[in-house]
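Dear colleague,

Please find below the structure that I am handing over to you.

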Amino acid sequence: MTTRVWDYLPEYEKEKDDILEAVEKVFASGQLILGESVRAFEREFADFHGMAHCTGVDNGTNALKLGLEALGVGPGDEVITVANTAAPTVVAIVGTGATPVFVDVREEDFLMDTAQVEAAITPRTKALLPVHLYGQCVDMAPLRALARSHGLKILEDCAQSHAATHHGRPAGTMGDAAAFSFYPTKVLGAYGDGGAVVTDDDATDRALRRLRYYGMEQTYYVVHSPGHNSRLDEVQAEILRRKLTRLPGYAEARRSVARHYEEQLADLAGPGGLRLPTTNPGNTHVYYVYVVRHPRRDEIIEALKAYGIALNISYPWPVHTMTGFGFLGYRRGSLPVTEKLADEIFSLPMYPSLTESRQDEVAAALRTVLASL
Ligand SMILES: *Cc1c(COP(=O)(O)O)cnc(C)c1O
């Protein structure tokens, strides 16, 4: 039997009645687009974060793009972010007409090296886009200080960090706005695509509502400028409402999977060999993915296939080295830590319903493979 890096079917088995009831409720409601379920989910997701507003959108990429646009980012502006992220972070910046500017990440935690940000600020810089990668938050205090002193906006990329906290504050509450994805694999995942932007600022939220609805405030009338069609689907919203009540449980289950890996693998870890993920002081990690490192990553992944264990790499190619982003003018060598990590990281299976016995099989196979290197 193959162990996959992610699998929602065991969860669906448990939650099937609730999920199908959500679908039925929407189909029978008489309103299929921007109805009661989207409104209720927006209220509940904002409340979960203690934020004033949430606007549901069609996916995480557009949550980032509309979030940036609502904060005033557009052509000619620069947005500082990292290349050690999912490509959509950068796709969204490019989609606004702005230029992404990359800083490197830190080797210890894979996250934005905030000490490099100030040197990357130019007169064109409009926003900082920290990515709370793998399930824990970027160090926000230095970014908030820079944003204040340079008049910049902050948009948090929370696609991998639902319910994570940073010095007691939830991810998504530490900038001017925050973008979430509900892609099925995420910590809060829909049964299809979905996304949302949360903010405390009334004007930003009004802009988001226009932007997701063609630019319209009233039906059939575009007030300021053309927008997009980026609405959260009513069915996904109703499913997300139900799953939101279980989000703290999903996060706790992921932490417990991580603790079990830690127990099983701690003795294999060491400098120059296998390295397990760490949690920074002040953070609670939600382990969207469980990323480990080894200099001989490719051989390990290949060998584990013989045990029916399929591993993933998040992400094998740093964004700045992809040919599709060649127009940004980065070369291999420009972000040395990002590039080194991309060659060494791999993800062990991680999802809330992963059983300890499955984890033990993965740990045992990894132990054998490492011994044979
Ligand atoms: C998943 C993800 C996105 C994109 O979300 P979609 O819903 O797939 O568009 C953006 N940023 C990060 C960091 C992600 O992990």
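What covers the buried residues of H8? The cover includes helix H1 (9-27), helix H2 (36-49) and helix H9 (247-265), where contact means heavy atoms within 4.5 Å. Helices are DSSP runs (H or I, at least four residues), as are strands (E, at least two), numbered from the N terminus.

This is a predicted model: local features need pLDDT of at least 70, side-chain atom pairs count only at pLDDT 80 or more, and totals for chains, interfaces and linings use all residues. Residues are numbered from 1 along each chain as its sequence is written, and side-chain values use heavy atoms, with hydrogens and water left out.

Helix H8 (residues 234-244) is largely enclosed by the rest of the structure, because 10 of its 11 residues are buried. Buried means under 20% relative accessible area, exposed over 50%, and partly exposed in between (1.4 Å probe, protein chains only). Among the buried residues of H8 are Glu-234, Ile-239 and Leu-244.

The count of salt bridges (a side-chain nitrogen of Lys or Arg within 4 Å of a carboxyl oxygen of Asp or Glu) comes to 28. One of them joins the side chains of Glu-11 and Lys-243 (2.8 Å, N to O). Glu-11 belongs to helix H1 and Lys-243 to helix H8, so this pair ties together parts that are 232 residues apart in sequence. Both Glu-11 and Lys-243 are buried.

A salt bridge also links Arg-293 with Glu-107 (2.8 Å, N to O). Arg-293 is buried at 4% relative accessibility, whereas Glu-107 is partly exposed at 26%.

Yours sincerely
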